[in-house]
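Here's a quick briefing for anyone opening this structure for the first time. Have a look around, then come back for the tour.

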Amino acid sequence: MFLLLFPTFGVNLSAFSLNLNTDQSALLALKSHITHDPHNLLATNWSSSTYVCNWFGVTCGSKNQRVTALDLSSMDLTGTIPSQLENLSFLSELDIHHNNFRGVLPVGLTNLHRLKYLDFGNNSFTGEIPSWFGHFAELQGLWLYGNSFTGDIPSTLGNLSKLETLSLYNNNFNGQIPITMGNLSNLKWLYLYNSSLSGDLPSEIFYNLSELQELNLGGNHISGRIPNSLFKCKKLIFLSLDTNYLEGSMPIEIGNLTMLHTLDLASNHLEGHLVPGIFDNLSKLQKLRLRGNRICGRIPKSLFECKELKYLSLSQNSLEGNVPIEIGNLTKLEVLFFGHNNLKGQIPFSICNLRSLKVLFLFKNSLEGEIPECIWNMSSSLSHIDLEKNNFHGKIPDNFGKGCTLQSFRINHNLLEGSLPRSLGDCRDLKLLDVGNNYLYDNFPNWLGNLDQLQVLILRSNRFYGQVKSNNVTFTGLHIIDVSCNNFNGYLPTKFFENLHAIRGCEKKGEPKYMMDALTAAIVYYAFDLSFTSKGLKMDFQSLLTSWMVIDFSNNRFRGEIPKAVGELHSLIVLNFSHNCLTGPIPPSLGDLSELESLDLSSNNLQGEIPTELKALGFLEVLNLSRNNLKGPIPKGKQFDTFTNDSYIGNMGLCGLPLSKSCDKDEETPGKFDPDGDDGLNWKFSILMGYGCGLVLGLSMGYIVFTTGKPRWFIRIYERVRQRFAKR
């Protein structure tokens with residue numbers, strides 16, 4: 001009996017060895033196509049001397065010991081996919097996401113008939129997605145996101161009848177979503193966002209997608225109306241169509257999606273009123289984004305029955321009326337954006353019920369009255385408050401607690417008065433404070449200097465008075481300070497400037513980042529829409545980089561000289577000391593401000609010459625030294641050749657281009673002249689040429705004057721010639 005079985009066992013063993021060698025050869029071919037393996041995982045582990053099923057990233061079946069799964073994800077590999085990979089005939093999972101694979105995908109991969117999961121996400125594949133991707137009959141998950149695929153999404157993907165996940169986002173496709181997507185009746189997760197798709201949403205797509213749970217088509221160029229067929233997908237939990245060109249009103253049928261947790265229709269062209277009962281059935285809704293549309297009318301009270309809401313954004317619409325008192329029902333709310341609408345009236349006291357609130361943005365409305373005191377009591381939970389550009393009046397209460405968690409506090413452009421509450425000094429995490437354009441009456445808040453996280457301090461256009469002082473080492477992290485248009489006086493604070501370590505460049509420089517806060521519920525860009533006087537103009541910044549460094553002490557009553565320490569602020573981009581009573585010379589040390597783009601010292605009593613060291617400011621785009629008592633020649637060359645008369649007007653003692661007043665010879669810096677040098681012949685020749693040109697020019701001028709009878713021609717030409725030689 002044993003002798004009868006032995007030949008069969010030998011045949012099986014031989015076949016097993018042959019199949020395993022086939023898998024090994026296919027994987028070694030893949031290894032040979034990898035040109036960069038920074039962690040040496042394959043170089044040291046994938047060897048013919050070791051059992052292939054023990055190789056890194058390789059999984060074999062328990063019965064036949066064939067390779068069934070290959071996971072090389074997130075290994076920073078660079079290479080291409082070889083055709084030999086098609087020989088892994090038992091492969092059901094292939095995952096190489098988050099690498100740098102590129103090149104042409106071999107058509108032989110269609111021989112992998114058992115493939116269920118294919119993840120090529122976050123690589124560098126280009127060209128069109130091959131139509132043969134539609135031949136993987138067993139495929140349940142396909143991830144091709146984060147590549148550079150172009151062209152149309154192949155209609156053959158509609159053949160993948162078992163597909164549950166399709167992730168193609170962050171590519172560069174053209175055209176519409178193919179109608180054949182509607183054939184994927186088992187599809188649960190569809191991600192096509194940020195992929196340059198255009199055209200209308202075909203209504204046919206959604207009729208058969210009854211299993212769909214998550215749909216993200218945001219960040220494309222999709223237009224037209226939202227098709228009603230979408231609302232037949234009643235298992236939807238997540239729906240995002242943001243940042244497209246969708247139009248029309250928000251469909252009331254959206255109430256059919258009773259399972260929704262997230263609804264994002266932000267940044268479209270939706271318009272009209274929100275129907276009163278539109279949110280009645282969305283009791284599970286946790287996140288709603290409708291910002292950046294054209295929605296008008298009142299906020300429907302049905303919205304405040306969505307008691308699971310944690311994130312609510314209706315900003316940048318045309319909503320009107322009062323903030324509904326029912327907002328107090330949303331006790332789980334963490335983020336509230338109602339900014340940039342036409343809301344009016346007072347903030348309802350019911351807002352005090354929102355004990356979980358971290359972000360309160362009501363900016364750019366017509367809200368009025370006093371701010372409910374409970375908002376300040378919520379500073380132990382609130383991270384960001386933005387009530388700017390309303391009509392609030394009264395005082396800011398002095399009840400910020402020791403547990404204050406505020407990171408940004410913006411209340412500028414209101415009608416607030418009184419002093420700045422000292423309890424703000426307990427907000428140890430404060431990074432941005434903007435109380436500009438109010439009626440606050442106080443001295444300089446040097447007590448804020450101990451907040452080592454503070455980066456932006458804006459006190460502009462109030463009634464602050466007295467001297468600017470700082471004690472010990474304070475304000476070290478400050479990037480931006482704007483105290484313009486107040487009643488500050490005294491000398492410019494040398495010690496204050498010496499303490500600005502962040503602007504001095506003492507801090508370790510990293511990659512510039514936007515000022516933002518990554519909360520659990522959202523990423524909040526809290527330094528948006530800030531305005532500064534930069535480069536001679538008021539400039540608004542939609543988002544602010546941490547590398548932006550500004551000092552604006554303009555329109556006060558500072559006196560004395562500009563401290564030399566200002567020249568040590570090497571990261572400074574904007575410096576404005578204009579409209580004060582400053583005297584003395586311009587410090588040559590300002591020439592060390594290598595990053596400076598805008599310098600405004602106008603309307604002071606500065607004396608002396610313009611330092612030639614300022615020519616070193618290679619990024620300087622705007623220079624305003626007008627209305628001072630400066631004298632002498634204007635420096636020539638580099639950025640100084642780009643400035644106009646406006647930079648210097650009101651300085652009667654200045655001369656040289658671009659002014660029409662030329663400098664006397666004793667005011668100009670004479671060049672060295674060596675009559676015995678190698679250029680002796682050249683200077684003699686130049687003199688002869690000068691005599692010759694002078695003779696010709698004189699005769700020509702005489703002819704013009706005597707034949708035209710218009711001496712003003714002579715004046716104009718003379719001025720141009722004189723300026724040209726003065727420029728030399």
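Is Asn365 buried or exposed? Keep in mind that this is a predicted model. Asn365 has a relative accessible area of 8%, so it counts as buried.

**Around Asn365**
- You'll find Asn365 in the loop that runs between strand 27 (359–361) and strand 28 (366–369).
- Setting aside neighbours within four places in sequence, Asn365 touches Phe338, Gly339, His340, Asn341, Asn342 and Leu343, plus Lys389 and Asn390.

**The nonpolar cores**
- The largest nonpolar core has 178 residues, and the members that touch the most others are Phe409, Ile551, Phe553 and Phe577.
- Two or more residues of this core come from each of helix 1 (2–32), strand 2 (58–60), strand 3 (67–71), helix 3 (373–377) and helix 4 (494–498).
- Take Phe577: leaving out residues up to four places away in sequence, its contacts include Leu492, Phe497, Ile551, Phe553, Ile562, Val566, Leu582 and Leu601. Ser554, Asp600 and Asn604 are also among the residues that Phe577 touches.
- A separate core of nine residues lies apart from the largest one, with Leu432, Val456, Trp548 and Ile573 among its members.

**The disulfides**
- Searching the whole structure turns up four disulfides. Number the bonded cysteines in sequence order and they pair up as 1-2, 3-4, 5-6, 7-8.
- Cys53 is bonded to Cys60, with an S to S distance of 2.0 Å. This link is left-handed, at -95 degrees about the S-S bond. Cys53 is buried at 13% relative accessible area, and Cys60 is buried at 18%.
- Cys404 and Cys427 have their sulfur atoms 2.1 Å apart. The torsion about their S-S bond is about 95 degrees, so this disulfide is right-handed.
- That pair ties together distant parts of the chain, 23 residues apart: Cys404 is in the loop between strand 30 (391–395) and strand 31 (408–410), and Cys427 is in the loop between strand 32 (415–418) and strand 33 (432–434). Cys404 is buried at 5% relative accessible area, and Cys427 is buried at 0%.
- Cys655 pairs with Cys663, S to S 2.0 Å. A torsion of about 105 degrees makes this one right-handed, and both cysteines are buried.

- Cys233 is buried, at 0% relative accessibility.
- Cys485 is partly exposed, at 33%.

Methods
Residues are numbered from 1 along each chain as its sequence is written. This is a predicted model: local features need pLDDT of at least 70, side-chain atom pairs count only at pLDDT 80 or more; totals for chains, interfaces and linings use all residues. Side-chain values use heavy atoms; hydrogens and water are left out. A nonpolar core is a set of buried Ala, Val, Leu, Ile, Met, Phe, Trp, Tyr and Cys residues joined through side-chain atoms within 4.5 Å. Buried means under 20% relative accessible area, exposed over 50%, partly exposed in between (1.4 Å probe, protein chains only). Helices (H or I, at least four residues) and strands (E, at least two) are DSSP runs, numbered from the N terminus. Contact means heavy atoms within 4.5 Å. A disulfide is a pair of cysteine sulfur atoms within 2.5 Å.
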